[in-house]
Amino acid sequence: MSKEIIRQAYEAWSNAADMRARRQRCKRYTYGDQWSDIVKDSKGRLRRESEIVAESGKIPLINNLIRQLVKTVVGRYRTAAAEDGVYELPSIANIAAENALAELDSRLLEEFLISGTAVQRISDEERFGRRGIWVDNVDFHRFFVNTFSDPRGWDINLTGMLHDMSFPELAARFCNGSSRRAAALRELYSSDETPAFTPDTLGLPGADIDFFRPRKSGMCRVIEVWTLDAGSLTDGEDVAFRFRWHCRWLAPDGTVLSEYDSPFGHGTHPFAIKFYPLTDGEVHSFVEDVIDQQRSINRMVVLIDKIMATSAKGVLLFPQKQLPKDFSWQEVCRRWAQSDGVIPISGNGEYLPQQVVTNAGNSGAYQLLELQLKLFEETAGVGDALTGRSTTGARGAELFEAQVKNATIALADIFDTFASFTTARNEKALTA
């Protein structure tokens, strides 16, 4: 049975490999690494885009608008949450204060914008010498859930996460004070060999054993799996089925460290989960929508920089026949740079020195850049009013507030979806 549970958990984790890869790319773009995509060069070789740009004699410049965009949306959320007293409601105030939910949710909203996923784990346990309800953001690289398509998550039947514990923590959680149990666990986790269960032994495609291995040496990988199981109730000749959430804590070799039915008042798993937008089971994040515009802007900035670097800026055309005797070219350069310099000219003045200055603005690159910046704002739905730009006094407070309200409409779906997540989280926290 444990082998089948691990197989299902690994399959759920493996199915999200594409989501994790896209999340990693979106995170790179958000925090400024925007030239690391692998693309084909002129010879068909796969290389980093930054290397190709550098070899062409250009500098891979970055004008990171995505980071500012994310900060603006998170800032708008925090401002609205503070104004509405979201974390000061009597029902949730204590839990919010104990867990610093305002900060925790802000960081999770950042993740939500980058990856389109929001996952928190709510537990009732002892920490820091006191028992209480604890809320933790879950690293999506450690999280797994069966493929589901209901935005509410009502078709989830398997979920869980990967834990890396030190041996003292492992023993404290699963030994129940038994020295014999502690010795058995130490022997179980003492081997550095390949775990008994791998993708190969489970008959699954791929060879990624990160699911079974801790990220750091010396740690113990524990797999927390929650499944919606069916049990039977017999009343005379009648048999009825009921579904219950069941938890198993497993070692990588399938050893069951602990298992129990959901102990929570809500009777389900301890995770609050929201994927956005969930269309046919697919997630495409807010940041993903603006990456192409960001790439176009970066390319235009690089192009303008190249044009500026290679354009003529005060180049002097000085005919050789006009150079006086006993007058060096160095002396011509020195006097030309002086505001009151005088350069004698020999000959009849048929060809006079001429200074050449190229107007780089005539290339049209600046107009294209301006167009891309406007398209970026339209794609993101965050305009000048929301970011605090163009707020001249002549506009008036009422007009500005109306502009902010209109700009916020474009983000209403994101904010409302995230609010539905925090509401579901609060309900689990209050019934944990």
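1. Which residue in E10 is the bridge partner of threonine 117? In this predicted model, the partner of threonine 117 is phenylalanine 275, and the pairing to which the question leads is that of strand E3, residues 117–127, with E10, which runs in the antiparallel sense over five bridges.

2. The sheet as a whole is open and has three strands in the order E4-E3-E10, with antiparallel pairing. Strand E4 (130–137) and strand E10 (271–275) stand at the edges and have a single partner strand each, so one side of each is left without a neighbour in the sheet. Direction ignored, neighbouring strands of this sheet are turned against each other by 10 degrees on average.

3. On the H6 side the contact is made by Leu101, Asp105, Leu108, Leu109, Phe112 and Leu113, and on the H14 side by Ile414, Thr417, Phe418, Phe421, Thr422 and Arg425. Sorted by class, this contact has eight nonpolar, two polar and two charged residues.

4. A further helix, H4 (residues 65–84), approaches H14, and the axes of H4 and H14 come within 12 Å and cross at roughly 55 degrees; H4 is therefore oblique to H14, and this crossing, too, is right-handed. Here Val73, Arg76 and Tyr77 in H4 meet Phe415, Phe418 and Thr422 in H14, and the classes are four nonpolar, one polar and one charged.

5. As to confidence, the mean pLDDT of the chain is 86, and 86% of its residues reach 70 or more. Among the elements of the chain, E10 has the highest mean pLDDT, 98, whereas helix H12, residues 384–387, has the lowest, 60. Where pLDDT is low, the predicted coordinates should not be read in detail.

Conventions. Residues are numbered from 1 along each chain as its sequence is written. This is a predicted model: local features need pLDDT of at least 70, side-chain atom pairs count only at pLDDT 80 or more; totals for chains, interfaces and linings use all residues. Side-chain values use heavy atoms; hydrogens and water are left out. Two strands pair if DSSP finds at least two bridges between them. Helices (H or I, at least four residues) and strands (E, at least two) are DSSP runs, numbered from the N terminus. Axes are lines fitted to C-alpha atoms, for helices over the stretch in contact, and angles run from 0 to 180 degrees between N-to-C directions. Contact means heavy atoms within 4.5 Å. Ala, Val, Leu, Ile, Met, Phe, Trp, Tyr, Cys and Pro count as nonpolar, Asp, Glu, Lys and Arg as charged, and the others, Gly among them, as polar. pLDDT is the predictor's confidence in each residue, from 0 to 100. Angles under 35 degrees count as roughly parallel, over 145 as roughly antiparallel, 65 to 115 as roughly perpendicular and the rest as oblique. A crossing is left-handed if the near helix is turned anticlockwise from the far one by less than a right angle, and right-handed if clockwise.
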